[in-house]
There are 2 protein chains.
Amino acid sequence: MTDIARIEAASRRLQGHLPVTPLLHAPLLDRLAGRRVFVKAECLQLTGSFKARGGWAAVSALGEAERRRGVIAYSSGNHAQGVALAAHRHGSPCVILMPSDAPAVKIANSRAYGAEVILYDRESEDREVIGGKLASDRGLTLIRPYDDLEVMAGQGTVGLELADQARAEGIDRAEVLVCCGGGGLASGIALALAARSPGLQVRTVEPVGFDDMARSLAHGSRQVNPAARGSICDAILTPTPGELTFPILQRLAGPGLAVTDDQALAAMAAAFSQLRLVLEPGGAVALAAALFAPGLSDPVIAVATGGNVDPARFADALAHPDATNGIGGRISP
Amino acid sequence: MTDIARIEAASRRLQGHLPVTPLLHAPLLDRLAGRRVFVKAECLQLTGSFKARGGWAAVSALGEAERRRGVIAYSSGNHAQGVALAAHRHGSPCVILMPSDAPAVKIANSRAYGAEVILYDRESEDREVIGGKLASDRGLTLIRPYDDLEVMAGQGTVGLELADQARAEGIDRAEVLVCCGGGGLASGIALALAARSPGLQVRTVEPVGFDDMARSLAHGSRQVNPAARGSICDAILTPTPGELTFPILQRLAGPGLAVTDDQALAAMAAAFSQLRLVLEPGGAVALAAALFAPGLSDPVIAVATGGNVDPARFADALAHPDATNGIGGRISP
């Protein structure tokens with residue numbers, strides 16, 4: 001089981017290796033949102049996303065023999081980079097199984113961290129089948145992107161930091177918006193906050209049309225998305241909530257939220273102009289909800305989860321009016 | 001005189017109002033540079049640049065009557081926003097005198113912080129003359145962008161943080177690259193480091209053709225730039241080193257460095273792809289030197305000073321090969 005003790009143990013293993021990311025805010029962002037917004041900038045984590053935490057927690061939990069044989073991960077990119085970095089720093093061989101349509105920068109960066117990258121087709125092939133076979137053939141330990149106790153504990157360290165940082169800002173009651181693919185980050189944060197700062201409640205944020213977690217929370221059972229692709233938020237397009245993560249969120253999270261691709265681009269634009277952060281679409285959905293969803297808490301906390309984005313996609317965000325906010329955007333001079 | 005006591009006093013006045021900015025690093029950035037590079041991310045400061053520190057230090061040092069009458073600043077933009085924010089938070093009226101060719105986002109943001117913005121022509125008008133007249137007409141206190149004891153002390157708080165953060169990373173000897181307009185930041189940091197971490201030495205970085213500080217340090221007297229404009233690094237185009245800042249840097253800094261506009265764009269691209277930070281050209285020159293200047297220390301520390309940049313200019317950086325590094329750039333897979 002992933003619980004606060006496992007999260008605290010992961011936190012001790014991470015210490016000195018991965019940075020504490022800042023909780024940022026900006027007066028003009030608050031004006032744009034119409035409420036106080038605090039942003040946990042996980043895009044500033046090593047490898048550019050919170051996935052470095054889960055990767056580190058999982059690899060550092062392995063025994064000596066397992067580490068020597070190596071690890072394998074399947075991922076649209078950020079989990080790959082997190083595991084690749086952790087494996088490299090622990091001296092473990094690392095195979096990454098990645099969809100062939102993943103952003104080129106994520107493929108290249110995983111290779112740059114020293115991983116062997118194997119591509120598969122997202123529509124016609126099942127990554128779990130391919131991954132399982134590679135793992136057994138080579139004696140690799142499969143590190144799942146979310147349904148893994150140590151990965152969830154590693155992601156939960158975001159919640160430990162957030163509890164302290166929110167307290168330092170005088171915040172003891174707020175909604176914490178967390179982007180959600182399989183739910184590893186959201187469930188880890190929810191566990192950490194329940195133990196450390198119970199006035200902070202997680203709400204998941206997903207792309208419209210890929211809101212399997214929101215629908216699952218509403219229905220009380222795990223729902224499946226109708227499509228596997230079709231949103232720019234590639235990092236968080238998972239078919240269904242995790243088996244391990246869902247019950248935790250069912251117990252601890254509020255209703256799920258969903259945002260459009262255009263709202264994600266607007267949030268990337270606002271992060272550019274008001275926070276000077278580079279966010280990828282999937283990493284910006286929580287901030288998008290903070291900007292656009294009605295009826296949220298004031299203040300609200302948004303976890304900005306990743307910033308690995310191709311320049312061409314980022315250029316789309318720069319073309320959004322909120323990138324020039326203060327000029328033609330929603331803040332008038 | 002600005003000395004360590006004045007910097008420490010400024011630090012106490014800033015505490016709880018302005019955030020401590022993180023010292024970031026990234027494995028792939030190190031590979032790109034060929035040395036370990038640490039980046040002090042002042043673009044994450046409130047208002048998007050270190051100038052919020054000097055503005056806050058200066059306004060918070062005013063007496064009650066001066067604060068009530070208000071302040072005036074002249075600036076290409078970042079100093080303006082820093083003073084505007086500080087004045088707003090201290091309840092002071094604020095007039096900003098700004099060149100008419102300043103980035104639109106800086107003009108708009110200064111207004112959004114509540115300042116009255118007055119534009120002037122950079123080529124035909126003297127901002128000091130206009131500013132002096134406005135100040136005396138309205139009883140405003142002029143807050144100079146660098147030749148001001150409290151502003152220098154405020155900027156010097158970057159050095160206090162850097163001394164602590166470098167120590168935490170195990171760095172006790174390194175060059176600290178600092179972008180340089182009038183020299184307020186560089187001199188403040190130099191004073192703080194001399195007192196707190198004397199193994200860290202400041203080296204100024206300027207745009208090629210606007211390297212008045214580097215030439216002044218080499219000649220032993222204050223030199224003037226031949227032109228007032230012609231670099232994309234608008235934030236740091238000052239005619240000559242400050243009267244107060246130059247002697248400090250003459251005593252404490254190493255030889256000055258200069259980088260091209262293309263190198264500044266490459267540094268913006270690397271900050272985008274490897275650090276997920278938005279930098280403006282003038283805020284990226286220290287990182288550019290860390291990436292391109294020969295013979296620097298390993299590790300080297302670069303202060304990334306600001307991130308207020310129009311989307312169109314940032315798009316220029318996205319088109320640079322280093323924005324897609326790991327793909328077509330200098331890190332091969």
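Trainee: Hi! How is chain A divided?

Mentor: Into domain 1 (4-50 + 149-324) and domain 2 (52-142), with bounds that come from an automatic or database domain assignment. This is a predicted model, where local features need pLDDT of at least 70, side-chain atom pairs count only at pLDDT 80 or more, and totals for chains, interfaces and linings use all residues. Residues are numbered from 1 along each chain as its sequence is written, while chains are lettered from A and ligands numbered from 1 in the order in which they are written.

Trainee: How many residues of domain 1 of chain A are in contact with domain 2 of chain A?

Mentor: 26 of them, against 21 residues of domain 2 of chain A; contact means C-beta atoms, placed from the backbone, within 7 Å.

Trainee: And which helix gives the most to that side of domain 1 of chain A?

Mentor: α8(A), with seven residues. Helices here are DSSP runs (H or I, at least four residues), and strands are runs of E, at least two, numbered from the N terminus.

Trainee: Switching to chain B: is helix α6 mostly covered or mostly uncovered?

Mentor: Mostly covered: seven of the nine residues in 104-112 are buried, including V105(B) and I107(B). Buried means 20 or more other C-beta atoms within 10 Å of the residue's own, with C-beta atoms placed from the backbone.

Trainee: What do those buried residues pack against?

Mentor: In chain A, α2 (27-33) and α12 (261-275); in chain B, α5 (78-89), β4 (94-99) and β5 (116-120).

Trainee: Which residue with a positive phi follows α6(B)?

Mentor: G114(B), with phi near 105°.

Notes
Buried ≥ 20, exposed ≤ 12 C-beta atoms within 10 Å, placed from the backbone. Contact = placed C-beta atoms within 7 Å.
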